[in-house]
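Here is a short briefing on a protein model. Look at the sequence and structure first, then read on.

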Amino acid sequence: MKRRVLSMLLCAGLVVSMMAGCGSKEDSDQGSEATDMEYVKDKGTLVVGITNFEPMDYKDESGEWIGFDADLAKAFAESLGVEVEFVEIDWDNKILELDGKTIDCVWNGMTLTDEVTSSMDCTDAYLANAQVVVVPSDVADQYQDEDSLADLNFAAEAGSAGEEQLEERGLSVTPVTAQADALMEVAAGTSDAAVIDLLMAAAMIGEGTSYEDLTYTVHLSSEEYGVGFRKGSDLKEELNKFFDTCYEDGTIQELAETYGVQDMLVTE
């Protein structure tokens, strides 16, 4: 009987010892978990989630991604000592893409909405913007205030600030994949109007553009752009410091002038 009790005590002690060892390893693993910056540097790439959004992110004739945001992202990646990779995403799924580590940040003229700031760690605002109504030029005089918009059928990018503004007002909206698609809807006559970012409207519609017969009228909101990282990411503050440097040395002003967004820079 004494031998049996002693054996049971020895087994119990072994189990406790093994559990303590497992606990120590788990604590060690958690303590050594890489930061977001270490993760990006270790794999050697900063994967940037974007959509086709001129003048922020779009392709030149050679197929290379350029634009105000694209060029800044390239410079930031270089400052980290890594390559940049641009991945076109479904804008409605940007938070899922980020949390799933398909991308490392969302950097695409992203409006700092409540949904965005509650789901991501976002940088300080760097550009001002607005959501504007786009209509055919020949009917623009009929749509100069919000009351005149009630019977229009709108197109807007799914998950965008434009779609949110329309839904808040109870207006009819058809979600599309990208803001550029919303413009195509209006040009083709399949939607009466679109709501897109002012920066895109200034770059893509009117005289000298592919959409000479379109114009923008009503401003539905004023807003600001930021870059989004995963919750708890140390890359957010690293990018804020990078922005500060770019303001100090004039890089961001020069780049903004290149893409015609200098009047939208947030300087405070």
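Helix axes are lines fitted to C-alpha atoms over the stretch in contact, and angles run from 0 to 180 degrees between N-to-C directions. Helices (H or I, at least four residues) and strands (E, at least two) are DSSP runs, numbered from the N terminus. This is a predicted model: local features need pLDDT of at least 70, side-chain atom pairs count only at pLDDT 80 or more, and totals for chains, interfaces and linings use all residues. Residues are numbered from 1 along each chain as its sequence is written, and side-chain values use heavy atoms, without hydrogens and water.

**Helices H3 and H9**
- The axes of H3 (residues 68-80) and H9 (residues 235-249) come within 11 Å and cross at roughly 110°.
- The two helices are therefore roughly perpendicular (65 to 115 degrees).
- In contact (heavy atoms within 4.5 Å), Leu-72, Ala-75, Phe-76, Ser-79 and Leu-80 of H3 meet residues of H9 including Phe-242 and Phe-243.
- Nine residues of this contact are nonpolar, one is polar and one is charged. Ala, Val, Leu, Ile, Met, Phe, Trp, Tyr, Cys and Pro count as nonpolar, Asp, Glu, Lys and Arg as charged, and the others, Gly among them, as polar.

**Helices H3 and H10**
- H3 also packs with H10 (residues 251-258), at an angle of about 145° and with the axes 9 Å apart.
- Phe-68, Asp-71 and Leu-72 of H3 touch Ile-252, Leu-255 and Ala-256 of H10.
- That contact has five nonpolar residues, no polar ones and one charged.

Notes
Angles under 35 degrees count as roughly parallel, over 145 as roughly antiparallel, 65 to 115 as roughly perpendicular and the rest as oblique.
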